[in-house]
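Let's take a walk through this structure, one stop at a time. Keep the sequence beside you as we go.

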Amino acid sequence: MALSLFFCSAISTSAQNPAIQVDLKQEIAPMRPVWAWFGYDEPNYTYMKDGQKLLTELAQLSPVPVYVRTHSLLVTGDGKAALKWGSTNAYTEDANGQPIYNWAIVDSIFDSYVKRGMKPLAQIGFMPQALSTHPEPYRHYWKPGDPYTDIITGWAYPPKDYNKWRELVYQWVKHSVERYGQKEVESWYWEVWNEPNGHYWKGTQEEFLKLYDYAADGLKRALPTAKIGGINIAGTRGKGATEWTNNFIKHCISGTNYATGKKGSPVDAILFHAKGQPKLVDGSVRMDMSAQLNDIKTGFAITAAYPETKDLPIIIGESDPEGCAACGMATNPENAYRNGTMYSSYTAATFARKYLLADLAKINFLGAVSWSFEFEDQPWFYGFRDLATNGVDKPVLNVFRMFGMMSGKRVMAQSNRMYALADVLKSSVHGPTSDIGALATSDQKTAAVMVWNYHDDDKPGPMETVNLEIAHVPAHKATLRIYVIDKENSNSYEAWKKMGSPQKPSSQQIAALEKAGKLKCLVTRKVKTVDAKVSLPITLERQAVALVKLDW
């Protein structure tokens, strides 16, 4: 009953006094850390100074291992980073066409994860130059503002020799087991390629299935217990994408395996992508989460439709407000949401709905990869979709710090100002009032409630006081902590603007920005329960997020 109430809590446009009721006894499901997954295009940022710093922070904010996904792990090149480019030189050939394997750069990437307790979501791609059917041109030099298709070069083509492709995967996985141990590699997930229905694949659907089969065969030969999945489709809700995904699943269930000639192909997880669609309306940004959530709804439904896949782990391989992390707001003004609190409040409001969609679909939702990391040696607050700029955390990273403090079971949370899921799927949050919602958890000695005040339009809105009631607190006394992300708190961007937006900040300014970028606790005090309840007002500006934490 609690679950249906939660799903049906609809917006009342006349509700001027926001109220949220949390019941710690009405459990919904385990609080799975689906948020603890991150990814990025440029693998070589991993071992650079700010990449190392951010990885440490991501590992520290999560009570469970964080999974990391990156492109271009098999691309040929010198290992130097560039926008939407990366290389490891893992595979080359000698004058006689014999393979030369070099794992040095791949190892430095995976070492960075493993030593922090993180796990690779290891992407088998893209095509080494020596294996590509179209090896020239190979290296691209894309920059923001250039056509996206400029990135499509020799790395995006099928292999000229599928047996060599299979052997490359076998050697990589075998090397990984030797370096990290069988148990460690068994805890990873592997995947083949990225968005084969989009710009990343210059072959046919049949050639992609063949690519997958040969890769999976090489992986399973090296480690039969390794976990592999696909298809990481782009635009999941679209007709072409659903056809690709259904064909992939049918192939894995009953198709003829291109590599072995047997029935079916290994699949241990289903992966797909989900993206929103911000745009400019009268010169200001308007977000649109309906596109992203409908991608997720579609992916969940496809997976649930087959008895063979309905219980498989689902990983949303990229789950973001839009599609191009390296397209800054100077060239793409619709992306101006990224530096401030609009990104953080959007993240809170969308992740809560991802849980709701998973509950409705009754699927095994394992993770949602936020395709956002950092961009090394770029202008300060350029408006990339990243978690930090020049080593300084942006407001959105603090939402993940909040998620890291939520554990145990998700419990019932009702708000008279939270838009109904059906309405958000239809038209996002464009109405006259903002979306004031909550996500709540309860554990043995602690409870947490995330509250947000979100609207799609990047325009000022009224400060609102939310009356929060937490029922069935199993203690007479508790320690209350309230963390807030808004213009004045947990916000390095506003601090930077107050400094005059320096592009060459002093060491003292950088230290101040680093401090401003951390999650700020505004309240720490003891509270007494009354009839096993804690009631308190929470005042939130538009686009703010708060975490209310009780410990007893």
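Contact here means that heavy atoms lie within 4.5 Å. One thing to keep in mind from the start: this is a predicted model.

With that idea of contact in hand, look at threonine 88. You'll find threonine 88 in the loop between strand S3 (67-70) and strand S4 (91-93). Leaving aside residues up to four places away in sequence, threonine 88 touches Ser72, Leu73, Leu74, Val75, Gly77, Asn102, Ile105, Val106 and Ile109. Is threonine 88 buried or exposed? Its relative accessibility is 1%, so it counts as buried, since the cut-off for buried is under 20%.

Now hop over to arginine 410, which sits in strand S16 (residues 409-415). Arginine 410 has a relative accessibility of 4%, so this residue counts as buried too. Its contacts, not counting residues up to four places away in sequence, include Gln26, Glu27, Ile28, Tyr355, Asp359 and Thr441. Take that last one, threonine 441: along the sequence, it and arginine 410 are 31 residues apart, yet C-alpha to C-alpha they are 4.3 Å apart in space.

Next up, the rings. The structure holds 40 aromatic pairs. One of them joins tyrosine 101 and tryptophan 103, which are stacked, with 5.8 Å from centre to centre and 5° between the planes. Tyrosine 101 counts as partly exposed, at 26% relative accessibility, whereas tryptophan 103 is buried, with a relative accessible area of 11%.

Another pair brings together phenylalanine 126 and tyrosine 200; this one is tilted, with centres 5.7 Å apart and 35° between the planes. Why does this pair tie together parts that are 74 residues apart in sequence? Because phenylalanine 126 lies in the loop between strand S6 (119-124) and helix H4 (162-180), while tyrosine 200 lies in the loop between strand S7 (189-192) and helix H6 (205-222). Phenylalanine 126 is buried at 1% relative accessibility, and tyrosine 200 is buried with a relative accessible area of 5%.

Ring pairs can also link up into a cluster, and here one takes in Tyr91, Tyr101, Trp103, Phe110, Tyr113, Trp172, Tyr180, Trp188 and Trp190.

Last stop: charges over rings. Arginine 139 lies over the face of tyrosine 141, 4.3 Å from the ring centre. Over at tyrosine 170, the charged end of arginine 221 sits over the ring, at 3.9 Å from its centre.

Notes. Residues are numbered from 1 along each chain as its sequence is written. This is a predicted model: local features need pLDDT of at least 70, side-chain atom pairs count only at pLDDT 80 or more; totals for chains, interfaces and linings use all residues. Side-chain values use heavy atoms; hydrogens and water are left out. Helices (H or I, at least four residues) and strands (E, at least two) are DSSP runs, numbered from the N terminus. Buried means under 20% relative accessible area, exposed over 50%, partly exposed in between (1.4 Å probe, protein chains only). Rings of Phe, Tyr and Trp (its six-membered ring) pair if their centres lie within 6.5 Å; planes under 30 degrees apart count as stacked, over 60 as edge-to-face and the rest as tilted. A charge sits over a ring if NZ of Lys or CZ of Arg is within 6 Å of the ring centre and within 35 degrees of the ring normal.
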